[in-house]
Amino acid sequence: MAASMEKISSHICQLCKRRYLTYNHKRSCSNLKSKQWKSVVGLEIHAQINTESKLFSGAENKFGGPTNTQVSLFDAAFPGTLPVLNKGCVEAGVLTALALRCTVNKVSKFDRKHYFYADLPAGYQITQQRQPLAVKGYVDYCISDKNNFETKTANITQIQLEQDSGKSLHDEKDKISLIDLNRCGTGLMEIVTEPDFCDGTDASAFVKELQKILQTIQTCDCKMEEGSLRVDANISVHKPGEPLGVRTEVKNLNSIKSVSKAISFEVKRQIELLENGGIVENETRSFDTEIDETVPMRDKEVKTDYRFMPEPNLPPLHLFDNESVKTVASKMSVINIDDIQQKLPPLPEDTRKRLEQHYSLKRRDVAVLVDNSGLVDYFEEVMRLSSTTNAKLVSNFIINQLLGVLNDKKLTIHNCPVTKDDFGRLIDLVQTEEISYSTSCKVLDEMFEHPDFTAEDIVDQKDWRQISDTQALTNICEKILEEHPKLIAKYRKGKLKYLHSLVNKAVIDSNNKGNPRILKQIMEDLLDNK
């Protein structure tokens, strides 16, 4: 069977060399080859905790400050300084764990992970390797392809609290490196997944969903361009039925596109390497966005032993629930898991299901509304303010028209000049057939240019109100039928598309103001009675 498949693959590859074959044929050839392999991807996501101060010090936690101005003595590893755990970081970690449906450990412990980089002054990182904050969670996420939606589940191995390192700044011209410790000691949540992903599209869809969850619960701002959310991907390939292959790690992916492209490239690279008789090295790689390829960083086989050991300056972290908290004398500094559970807002998937059920919207429309920050609130407020009950009309207009104009003008819904009330009144004009859908698009453009004008003002000034008078439209239809007897004959032969031609000509004859729905009805009645 394997020999037969190799012959087929070889034959197809020879065909693909012929110039007359299209790109799709070539891609099919490539897909046939890749189907002989199975790729396995696991992720480690580092999310900076959204608190005012760092994990173990009172230094300010803010992006973009002047170099080395947000550094405490502890962050700089001065002898004799001790860590003081930030309660807000722990609460953010617990809230994140609950949002990801993890089991929160009532007792977790801190460890020292030893390694020596210039941007880590202490020579070790405080983390939670062996007894983390939370374990065994899962996230449901969607992968969309045109009109098809597939819901998948990714399992979370653990969530641990740890320190971020500083940042090395390299001056290629003067051949020197400088260190900025502003980031050193910032609280991180490391979210480790099971190897549940099969390719770059799969993994990037999960990261996008995780990003929405963290932004919803406000434990991380997820500004990947600022480094507050960074992704490491562990990737391997193997043939079905065989043991897992040697994995490589691609570090510090800082955009959704980079996650998708880096994993896709690395899978392709490993398959091609193995097909040509090569060996995949257990190494760490980075993603070069200039060439869209992964490049080697360092060899994992010669890495330093991290020498994990219990952190001697931090006691075990104890958390409580409503039952166990009764045994605590002073509840001032106690973290109650059940109290945090009550603060958990509706998550993105909860919102999607609610919109689907309450407004009978399609999954694709719901996905767009939820994936764009602020769009759900805008949609629901328009539904409340507008007299229409047609949620599909509102969502379609927001997605297909409003978002398009916002993108063209490089705006977001948060600084949209068209208020929810004005937008709702525009929808009302469409719903009541005062204007056509195509005219409403022109009105929306005018509302962006003249935000002080309402939709009604613009329609009246431009004389864009739709003609719905039956007698006036009948006169137009009769005129069109008299002028186009050949179209009538073709329609009589069962060619219904010529009905649309007649209606379009009537619309044009009315200076694009005739109500298309009424024109079509009148035209059908006249044709049936001729």
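Modeller: Before the first question, one definition is needed: the expected span of a helix is 1.5 Å times one less than its number of residues. Please keep in mind that this is a predicted model.

Biologist: How far apart are the end C-alpha atoms of helix H16, and what span should its residues give?

Modeller: Helix H16 runs over residues 497-509 and has 13 residues. At 1.5 Å a residue these should span 18 Å, which agrees with the distance in the model, where the end C-alpha atoms are 19 Å apart.

Biologist: Which helices are included in what covers the buried residues of H16?

Modeller: The buried residues of H16 are Tyr-498, Leu-499, Leu-502, Val-503, Ala-506 and Val-507. Just after this helix, Asn-511 takes a positive phi of about 60°. The cover over the buried residues includes helix H14 (470-483), helix H15 (485-492) and helix H17 (516-529).

Biologist: How many disulfides does the structure hold?

Modeller: A disulfide requires two cysteine sulfur atoms within 2.5 Å. For Cys-222, which is buried at 3% relative accessibility, the closest cysteine sulfur is that of Cys-220 at 3.9 Å, too far for a bond. Cys-416 is in no disulfide either, since the nearest cysteine sulfur, in Cys-441, is 15 Å away. The number of disulfides in the structure is zero.

Biologist: Which residue meets the side chain of Lys-106 in a salt bridge?

Modeller: Lys-106 is partly exposed, with a relative accessible area of 38%, and sits in the loop between strand S2 (103-104) and strand S3 (107-108). Its partner lies 215 residues away, in the loop between strand S16 (317-318) and helix H6 (337-342), and counts as buried at 17% relative accessibility. The N to O distance is 2.5 Å, and the partner is Asp-321.

Biologist: Which parts of the chain does the salt bridge between Arg-425 and Glu-456 tie together?

Modeller: The closest N and O atoms of Arg-425 and Glu-456 are 3.4 Å apart. Arg-425 counts as partly exposed, at 30% relative accessibility. Because the two residues lie in separate helices, the pair ties together parts that are 31 residues apart in sequence, namely helix H11 (residues 420-431) and helix H13 (residues 455-462).

Biologist: What accessible area do Leu-169, Ile-176 and Leu-178 have together?

Modeller: Leu-169 lies in strand S8 (residues 167-171) and is partly exposed, with a relative accessible area of 36%. With Ile-176 and Leu-178, Leu-169 forms a nonpolar patch on the surface, whose accessible area together is about 250 Å².

Key. Residues numbered from 1 in each chain as written. Predicted model: local features only at pLDDT ≥ 70, side-chain atom pairs only at ≥ 80, totals over all residues. Heavy atoms only, no water. Patch = residues over 30% accessible without salt bridge, like charges linked within 9 Å, V, L, I, M, F, W, Y side chains within 5 Å. Areas by Shrake-Rupley, 256 points an atom, 1.4 Å probe, with all protein chains shown as cover. Salt bridge = Lys/Arg side-chain N within 4 Å of Asp/Glu carboxyl O. Helix = DSSP H or I, 4+ residues; strand = E, 2+ residues; numbered from the N terminus. Buried < 20%, exposed > 50% of the residue type's maximum accessible area, 1.4 Å probe, protein only. Contact = heavy atoms within 4.5 Å.
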